[in-house]
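Trainee: I would like to learn how to read the features of a structure. Please take me through one.

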Amino acid sequence: MDKRPKILLADDDPDVLDMYREILAQLPSHPEIHTASSGSRAIAMLEAEPFQLLICDLKMPKMDGLQVLAIVRRKYPQLRTVALTAEVDEQFRSRAYALGADLFWYKPATEQETKMFLECLESLLGRETEGGFRGMQSKSLVDIIQLECISQSSSVLRITNGSLTGKIWIQNGEVVDAEATDLRGEAAFQRILSWKAGNFEMLPAEPSRPRTVFKSYNALLLESAQAFDESRGSMTAEGAPQPASSPLAVLSRLQGVEFVLSMKSGQGGYQVARGLENPERVATWARQNLERFRALGDRLGAGPLEKIEGFGPQRHVALACQNDTEFCVGWQHSLTPEQVGESMRKLLALWAS
Amino acid sequence: MGLLNLFAKPAPTLLRLPSGSFTVDRDGRVLTGTLPSGFPAGLIKDIARQVRATFSEAAAAQLPLAELIINYPSLKIAARELRGGAIVFLSPKAPSSPMRQS
């Protein structure tokens, strides 16, 4: 890559900006370094031109670093972000990672720490930004599994895709077990492989894990590829699923569902399954609520909205987003809050599959 | 030194997510609360406003609700409707270890 990467550095202290400008100039990739003296200025600069990396101080007046990260993660999902702070508090570390920061770093105080900081930044700048699984951007999940198996490694891959979580156990280069939502073994493995993107984490091996998968990893990956081809074959020329499959109708058959209403994020209109007397009104209410609590989450620096659950005398309602689709689901009043939570998870998993 | 401090800009502070509860009446007035005093009153009013609006608009959409739970990775907001007002509970959550490898 002959183009110099661009780094945006946001901090309210001009002395710190000057100091970090000098430190960052030592990076081997010789990046272009731009500075912003406030969170709002950083957002404005990101809107004006593309950057590869944002380094953001957490403690800033008016718009703090957590608020900046919340906005950035939503508006610029491909931008690498580093939260930098002198505030030693685990809550802020957790919240920064929950907001999608790639790196959380206490302001380096020694030469050794500065060196490590620069190495991490260089590594972040070196990663490809297109698609794939966060954590190893240039690789697909298939690549990651192949790498683990070819190198005869033993590890546990934990993969998350929105609200869905799956695990793949690899022992001495063989896939021995998998788990995804309510599935286990090969079915779970195929389900995880059907996820197009997500995050992954490499956990220590669990040699005592009972084996449920006995096929070779090559056979498993081949079957996944075939399943993927078949699913593509069932799409219409425009890429939309054929009406016969009616995925929303499938969701509405889940136990306890009173109605399912789906809406495309950022677009008007809705699709409804099962009887709702006033779908337009409910869709408007659902949209307003998702929007208002997303904005509230940004103001609080609490991270992206996960879900909203409402419990009423006639029915319960849950709102959540899966990829680019927003759902408003009515649940029978007889369900407990725990059952609503669990059923909503299943519904989203079903949609994702 | 003391005199100089008079003109010094107040240092920005990072907002900690609080644990506690507060009640708000039907007119949006915050009545009682156990939230830390350092948590901005403006944000408490903001939460109260959003929660009350959700309850009232749900009733208008023929989806009357008595309880509301809003989940974020770092915070859970639970609210119970109280005759036009609400009691709101805030509980910070500790997210699991970061998912991204660096």
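Mentor: Start with a network of salt bridges, which links Asp177(A), Glu179(A), Arg184(A) and Arg209(A). A salt bridge is a side-chain nitrogen of Lys or Arg within 4 Å of a carboxyl oxygen of Asp or Glu. This is a predicted model: local features need pLDDT of at least 70, side-chain atom pairs count only at pLDDT 80 or more, and totals for chains, interfaces and linings use all residues. Residues are numbered from 1 along each chain as its sequence is written, chains are lettered from A and ligands numbered from 1 in the order in which they are written, and side-chain values use heavy atoms, with hydrogens and water left out.

Trainee: How far apart are the N and O atoms where Asp177(A) and Arg209(A) meet?

Mentor: The N to O distance in that salt bridge is 2.7 Å. Asp177(A) lies in strand S9 (174-180) of chain A and Arg209(A) in the loop between strand S11 (198-203) and helix H8 (217-233), so the pair ties together parts 32 residues apart in sequence. Helices (H or I, at least four residues) and strands (E, at least two) are DSSP runs, numbered from the N terminus.

Trainee: Is Asp177(A) buried or exposed?

Mentor: Buried means under 20% relative accessible area, exposed over 50%, and partly exposed in between (1.4 Å probe, protein chains only). Asp177(A) has 0% relative accessibility, so it counts as buried.

Trainee: Which residue forms a salt bridge with Glu47(A)?

Mentor: Lys75(A) does, and the closest N and O atoms are 2.6 Å apart. Glu47(A) sits in helix H2 of chain A and Lys75(A) in helix H3 (residues 65-75), 28 residues apart. Lys75(A) is partly exposed, at 43% relative accessibility.

Trainee: Now the interface. How is its size given?

Mentor: Often as the accessible area lost when the parts come together. Buried area is that loss (1.4 Å probe) for two parts, summed over both. Between chain B and chain A about 4,600 Å² is buried, and carbon and sulfur atoms give 59% of this area. Contact means heavy atoms within 4.5 Å. By that rule, 43 residues of chain B touch 57 residues of chain A.

Trainee: How many salt bridges cross the interface of chain B and chain A?

Mentor: Three are found. Among them, Arg292(A) meets Glu57(B) at 3.0 Å, N to O. Helix H2 (41-60), strand S3 (67-71) and strand S4 (75-82) of chain B each supply at least two residues of the side that touches chain A. H2(B) gives the most, with ten residues. That side of chain B divides into 27 nonpolar, ten polar and six charged residues. Here Ala, Val, Leu, Ile, Met, Phe, Trp, Tyr, Cys and Pro count as nonpolar, Asp, Glu, Lys and Arg as charged, and the others, Gly among them, as polar.
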